[in-house]
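Hi,

Here's the structure I promised to pass along. Have a look at it first, and then read on for my notes.

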Amino acid sequence: MRLALQLLISHGRVARRMGLGPESRINILRNILTGLVRHERIETTTARADEVRFYAEKLIDYAKRGDTDEKAMKMASFWLTEKDLVPKLFKVLAPRFETQQKGYTRMVRLPARLNLDRAKMAVLEYKGNPFPHLSPIRKENELTLINQLLKAYREERSQFLAAKS
Amino acid sequence: MAACMKRLDRAMLSIRLLRNIQLHNERSLSTSLHRLALDGEQPSKFTPPVKPVIIDKTQSVASLRKFLSPEFVPPRQRTNPAKFSMERRDMVRRRKVLHIPEFYVGSILAVTMTDPHSAGKNNRFVGICIQRGGRGLGATFVLRNIIDNQGVEICYEMYSPRVQQIEVLKLEKRLDDNLMYLRDALPEYCTVDPDMKPHPFSTTGEVPVNKIKVKMLPKPWSKRWERPKFDVKGIRFDLCLSPEQMEHAQKWAQPWLEYDMLKEYDTSKLEEDIYTEIQQEAATK
């Protein structure tokens, strides 16, 4: 088809468009990422949170290389507009995720904003942050009948194995 | 005066004698040969001595340059990797029949292709490689040469069955991956002698990089090569553009692009896997 038509139809295009243009998009994501590194839990629109998620995880991958690495330092100083967060990234966040390979962030959807725009909101956070959990943790009730029977079974089994050996 | 003349005369005489002796010897030699030949059957054809084949055993296989042709590495996409592995198998099968040498953009190649309309059924084209495109079996390379003051570019498909022979006459790299700007450069940079002899090159060590900076024809060009999106390093901009024009071109620069992690695609591990796969395929059968 004609090249001009190709620009108007976006079938199969995965890259999102945000703000005024590619530079604006990168600036928006940079600001959100800086806020995320500072506060470790932020609330934005779903689309922005989804975009920032990728960059947040890649930034951690670069930070894992260490602050002696030139490329890592350049990336960190570009993406973090507040320069006092660069040591925090390398000294706090990178060691926290040393054992993990991927999945440093968590995104949870929220009810829509109450403003006129009714925008879909989401919470984006780095795992291991000091705040209470976003979704309530389901604690198993130990006092139900089945759990009491299972507890007794497990105790008997461990006694039996200890006696056998 | 008279003395040197006498000496000259004696020298001339001795030379003439020697020459006569030589001629006499030759004549005698030739007649003897003729006699020998007449004794036997027909005169045997002159077979030149066998050229000694020098096998360089000082360098081991490990020191040979590891080269993976770029058309083996697929770009980032959502298709099933089985498609690429099947394609690679077909590419290795074709490479077993036709030797496709290692070459880069900027090397000088000679390609012979079958041509039903030419007298010898083959035609040969020599040119400088300006672009390597395509992935998989559809991989192409464009050769450029100037013949009779006319620029000629031919795009060859590497795995086409019409291609008979690909010869590398000069192996070298250039400062850029894409030399399309040679279309707007002075013709001297694209003229390649069709009867060029192949330059010897080593299979180990680094490929020589030709750091030449090309002089351009006056503007307008086919593309605005000074713009940062092309990232051309091999043009002498100081001769054809003013500093104001260079600054104006920098308005199209996108400095955030080098920090955009979404655009990065690290192929090193993929390349290693593909290299081992191809070596195994080539070793079988």
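This is a predicted model: local features need pLDDT of at least 70, side-chain atom pairs count only at pLDDT 80 or more; totals for chains, interfaces and linings use all residues.

**Chain A**

Three strands make up an open sheet in chain A, ordered 1-3-2, with antiparallel pairing. Strand 1 (41-45) and strand 2 (105-109) of chain A sit at the edges with a single partner strand each, so one side of each has no neighbour in the sheet. On average, neighbouring strands of this sheet are turned by 25 degrees against each other, direction ignored.

As a reminder, strands of a sheet pair through backbone hydrogen bonds, in either a parallel or an antiparallel way. Here, strand 2 of chain A and strand 3 (residues 121-126) of chain A run antiparallel and are joined by five bridges. If you want a residue pair to click on, Val108(A) is opposite Val123(A) in strand 3 of chain A.

What lies across these strands? Helix 3 (residues 46-64) of chain A lies across strand 1, strand 2 and strand 3 of chain A. Its direction is at about 170 degrees to strand 2 of chain A.

There's also a nonpolar surface patch of about 420 Å², made by Met1(A), Leu5(A), Leu8(A) and Ile9(A). Leu5(A) belongs to helix 1 (residues 3-8) of chain A, and its relative accessible area of 32% makes Leu5(A) partly exposed.

**Chain B**

Chain B has five helices and seven strands, running α-α-β-β-β-β-β-β-β-α-α-α from the N terminus. Of its 285 residues, 32% are buried. The accessible surface of chain B is about 20,200 Å², and carbon and sulfur atoms account for 56% of that. Taking contacts in chain B between residues at least 6 apart in sequence, 68% join residues at least 24 apart.

Most residues other than glycine have a negative phi, and most peptide bonds are trans. These are the spots to check against that:

- The peptide bond from Lys219(B) to Pro220(B) is cis, with omega near 5 degrees; Pro220(B) is in the loop between strand 7 (209-210) and helix 3 (237-240) of chain B.
- Asp231(B), in the loop between strand 7 and helix 3 of chain B, has a positive phi near 55 degrees. Asp231(B) is partly exposed, at 48% relative accessibility.
- Lys121(B) is not a glycine either, yet its phi is positive, at about 65 degrees. Lys121(B) is in the loop between strand 1 (108-114) and strand 2 (122-133) of chain B.

Cheers

Note on methods:
Residues are numbered from 1 along each chain as its sequence is written. Chains are lettered from A and ligands numbered from 1 in the order in which they are written. Side-chain values use heavy atoms; hydrogens and water are left out. Helices (H or I, at least four residues) and strands (E, at least two) are DSSP runs, numbered from the N terminus. Buried means under 20% relative accessible area, exposed over 50%, partly exposed in between (1.4 Å probe, protein chains only). Contact means heavy atoms within 4.5 Å. Accessible areas come from the Shrake-Rupley method with a 1.4 Å probe; for residues, only the protein chains shown count as cover. Patches are made of residues with over 30% relative accessible area and no salt bridge: like charges are joined within 9 Å, nonpolar side chains (Val, Leu, Ile, Met, Phe, Trp, Tyr) within 5 Å. A salt bridge is a side-chain nitrogen of Lys or Arg within 4 Å of a carboxyl oxygen of Asp or Glu. Two strands pair if DSSP finds at least two bridges between them. Axes are lines fitted to C-alpha atoms, for helices over the stretch in contact, and angles run from 0 to 180 degrees between N-to-C directions.
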